[in-house]
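Student: Can you walk me through this model? I'd like to go over salt bridges and pockets.

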Amino acid sequence: MSSLLASIGGVFGQTQQENEPEMTSRAVVHQNQPRGEVKQKNAMGDVRTRRVLQDIGNLVIDNAAALGKKPISEVVDAVLAVNGVTVGKGAAVLKGAAAGRMKVPEKPKPETVIVISSDETEKTKPVSRRTLAAGNSTKEVKKAFTSILSARSKAACGLANKPKDPVVNIDADDVDDILAVAEYIDDIYKFYKLTEDEGRVGDYMGSQPEINVKMRSILVDWLIEVHRKFELMPETLYLTINIMDRFLSLRAVSRRELQLVGISSMLIACKYEEIWAPEVNDFICISDNAYVREQVLAMEKAILGKLEWYLTIPTPYVFLVRFIKASLPSDKEMENMVFFLAELGLMQYPTIIKYSPSIIAASAVYAARCTLDKTPFWTETLKHHTGYHEDQLNDCAKLLVKFHLAAAESKLKAVYRKFSCPDRGAVALFSPAKILSTNL
């Protein structure tokens with residue numbers, strides 16, 4: 001780059017010398033020329049040159065030897081000063097009577113260098129050859145050539161004209177829908193993200209002397225079957241598991257009471273979410289009369305007391321609905337695959353305690369897109385609405401795909417059977433995502 005600038009600077013400097021006004025050479029008088037014998041050549045030529053030479057020719061230089069030792073620029077300045085000419089800012093300004101006899105040479109217009117810049121926001125100013133020769137715009141020239149090289153590199157790599165994935169307004173069609181509350185939906189989900197940690201649970205199995213991780217998975221598998229039998233809303237299932245886990249993290253229960261905690265949690269969730277909730281006797285019947293009415297009501301009261309009636313919790317379902325909508329194009333097959341992977345995650349204790357509800361929901365969407373080969377696997381729209389980058393979801397998504405791999409051989413088949421039916425698109429029978437299952 002430095003050699004390139006040096007060669008270009010030399011060309012500009014040579015051009016500058018060629019374009020300098022000829023006044024200096026015309027103003028210098030040969031010392032051996034006699035006074036008053038100025039030849040009148042080119043009578044029809046440049047009047048400006050003849051008049052200037054007459055004035056300078058009539059000048060008597062007393063100390064010619066001393067002037068001969070000075071630089072030529074100082075000699076010219078001294079001669080012009082005697083004739084009433086003041087030199088300043090590169091142009092001669094005439095004073096007095098000399099202004100009528102001498103015409104000021106016009107300053108040559110600087111030639112402009114056109115800079116081909118890249119897609120930088122800051123524009124480079126045009127650089128004149130005179131300014132470049134003076135060394136006043138070295139940074140601008142360097143930036144100009146750097147921009148050229150960068151633009152050529154981007155063009156060679158195919159990056160210059162690569163369109164950016166736009167963020168789609170997924171609420172544009174819901175503006176006239178009052179129930180969709182499109183004007184508040186973004187603020188609602190920001191609030192959900194801020195409060196989701198309040199409904200999370202830590203590792204509570206250490207405080208439970210009689211139950212373990214496997215027992216919890218068996219209970220959740222059975223609750224999924226009950227939920228399907230009663231044909232309840234999907235949000236009821238997610239709230240049931242959240243209530244159950246939060247209660248188990250606050251109080252130790254015996255092995256015999258574990259199923260009672262499950263049906264009492266679902267009873268509370270049904271009263272909160274459903275329009276027509278199942279009755280207490282329905283849950284007693286579904287549990288094969290293992291408990292009586294008084295036991296169910298007593299456990300319901302104990303759960304609500306421990307949770308302090310705090311039931312408005314952003315579960316994974318809350319985020320799943322929003323993230324599926326942001327996964328464009330969204331169809332029924334995509335929706336079923338997302339819910340299949342999310343419910344597999346609900347059954348596994350490590351998933352619940354390690355990841356937040358929003359990460360579980362976003363990872364389910366990402367794993368579903370990889371399974372169904374929806375390219376790109378993660379878009380700018382999903383990144384905008386979920387708040388997560390692709391690399392933040394890899395670990396959880398790989399865990400969900402691992403559960404998908406083992407679903408067919410697992411003894412707990414409630415989720416697998418549920419999503420193997422035609423009404424669910426039989427998505428459980430699809431091959432797991434290869435891109436996420438290679439290292440498992």
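Student: Which residue does Glu-343 meet in a salt bridge?

Tutor: This is a predicted model. In it, the side chain of Glu-343 meets that of Lys-418 in a salt bridge, at 3.1 Å from N to O. Glu-343 lies in helix H16 and Lys-418 in helix H21, so the pair ties together parts that are 75 residues apart in sequence.

Student: Is Glu-343 buried or exposed? And Lys-418?

Tutor: Glu-343 is buried, with a relative accessible area of 3%. Lys-418 also counts as buried, at 4%.

Student: What does Arg-417 form a salt bridge with?

Tutor: Arg-417 pairs with Glu-225, and their closest N and O atoms are 2.7 Å apart. Glu-225 is in helix H10 (residues 213-230) and Arg-417 in helix H21 (residues 414-418), so this pair ties together parts that are 192 residues apart in sequence. Glu-225 is partly exposed at 29% relative accessible area, and Arg-417 is partly exposed at 42%.

Student: How many salt bridges does the count come to?

Tutor: Twelve. Among them is Lys-383 with Glu-380, where the closest N and O atoms are 3.3 Å apart. Those two residues are three apart in helix H19, which means about one helical turn separates them.

Student: Which residues are linked in a network of salt bridges?

Tutor: Asp-171, Asp-174, Asp-186, Arg-322 and Lys-325. Of these, Arg-322 is one of the buried residues of H15.

Student: How many residues of H15 are buried?

Tutor: Nine of its eleven, so H15 is mostly covered. The buried ones include Tyr-317, Val-318 and Phe-319.

Student: What covers them?

Tutor: The cover includes H9, H11, helix H16 (332-347), helix H18 (357-371) and helix H19 (380-386).

Student: Which element gives the most to the lining?

Tutor: H9, with six residues.

Student: How do the lining residues divide into nonpolar, polar and charged?

Tutor: There are 17 nonpolar, three polar and seven charged.

Student: And where does the pocket lie relative to domain 1 and domain 2?

Tutor: The pocket lies between them, because domain 1 (205-307) and domain 2 (316-436) both give residues to its lining.

Technical notes
Residues numbered from 1 in each chain as written. Predicted model: local features only at pLDDT ≥ 70, side-chain atom pairs only at ≥ 80, totals over all residues. Heavy atoms only, no water. Helix = DSSP H or I, 4+ residues; strand = E, 2+ residues; numbered from the N terminus. Nonpolar A, V, L, I, M, F, W, Y, C, P; charged D, E, K, R; others polar. Domains from an automatic or database assignment. Buried < 20%, exposed > 50% of the residue type's maximum accessible area, 1.4 Å probe, protein only. Contact = heavy atoms within 4.5 Å. Salt bridge = Lys/Arg side-chain N within 4 Å of Asp/Glu carboxyl O.
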